[in-house]
Amino acid sequence: MNLLKNKINAEGVVLSETVLKVDSFLNHQVDPELMLEIGKEFAHRFKDQGITKVLTIESSGIAPGVMAALHMNVPLVFARKKKSLTLSEGVLTSKVYSFTKQEENTISISKTYIKENDRVLLIDDFLANGQAALGLIDLVKQAGAEVAGIGIVIEKSFQNGGKLVRETGYRVESLAEIQSLENGKVRFKQEKVHA
Ligand code: G4P
């Protein structure tokens, strides 16, 4: 997705050989116009999948997730990382270890919002080590629903999440795939052509 890649080139800051800072449009400040286009692109790529819900994880997945949900005319659910005061009964949980942050989070959703007949599109901002995506897949399975696909805004292809998550057999669509962050430069993988 060229609009996204141009934004990364213009505003992304390479913090190290493994970390890209995109606080100006995705992880802190949010660019609504760009998120709208990102949502449209996800809706286009998964248009024939009969999706009934979008599921993401707080906090940075919510902006692209809600825009995808808007374009697909379905609700967005976001998994919580912290215990909610009001979320007590009928809760599904999964443990997600972050290699980047070296901490474990228990993510949770209410059974009320993902049902057995749902076809769920998972959305996240980054695919790094794949643990968040695997945790979301686990929650959907526990709910007895179907994972219809996985949409990622930025995939770091040099980390092993992409491989791990694709091994589950689900379709993964990443809007910008980063091959490397070496020498302070973002290098993108060649993009597939989408009809
Ligand atoms: P994984 O889910 O793919 O295994 O990733 P990992 O645990 O390594 O990442 C943990 C957090 O760090 C996630 O955000 C993820 O989005 C973010 N992250 C990973 N690599 C990068 C990167 O290169 N740049 C940026 N900006 N973020 C990265 P989180 O803790 O869930 O934060 P948030 O959603 O609350 O913002």
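The largest cavity comes in at about 30 Å³, a cavity being a set of points on a 1 Å grid over the protein atoms alone where a 1.4 Å probe fits but cannot get out, and a volume being the space filled by probe spheres set on points joined across faces, edges and corners. This is a predicted model, with local features needing pLDDT of at least 70 and side-chain atom pairs pLDDT 80 or more, while totals for chains, interfaces and linings use all residues. Residues are numbered from 1 along each chain, and side-chain values use heavy atoms, with hydrogens and water left out.

Lining the cavity (an atom within 4 Å of a point) are Leu122, Ile123, Asp124, Ala133, Leu136, Ile150, Gly151 and Ile152. E7, H5 and strand E8 (146-156) each give two or more residues to this lining; strands (at least two residues) and helices (at least four) are DSSP runs.

As for the ligand, 21 residues surround it, the closest being Leu20, Ser60, Thr100, Lys101 and Lys156, counted when a heavy atom lies within 4 Å. E7 (119-127) supplies the largest share of this shell, three residues, and helix H5 (131-142) supplies at least two.

Polar contacts (N or O pairs within 3.5 Å) show up too. Ligand oxygen atoms lie 2.7 Å from a side-chain N or O atom of Lys81, 2.8 Å from a backbone N or O atom of Asn129 and 2.8 Å from a polar backbone atom of Gln131. The protein covers 87% of the 720 Å² of accessible area that the ligand has on its own (Shrake-Rupley, 1.4 Å probe).

Terms used:
Polar contact = N/O pair within 3.5 Å; in protein donor to acceptor, adjacent residues only side chain to side chain. 1 Å grid on protein atoms, 1.4 Å probe; cavity = no way out; pocket = protein on both sides within 12 Å on 5 of 7 lines; lining within 4 Å.
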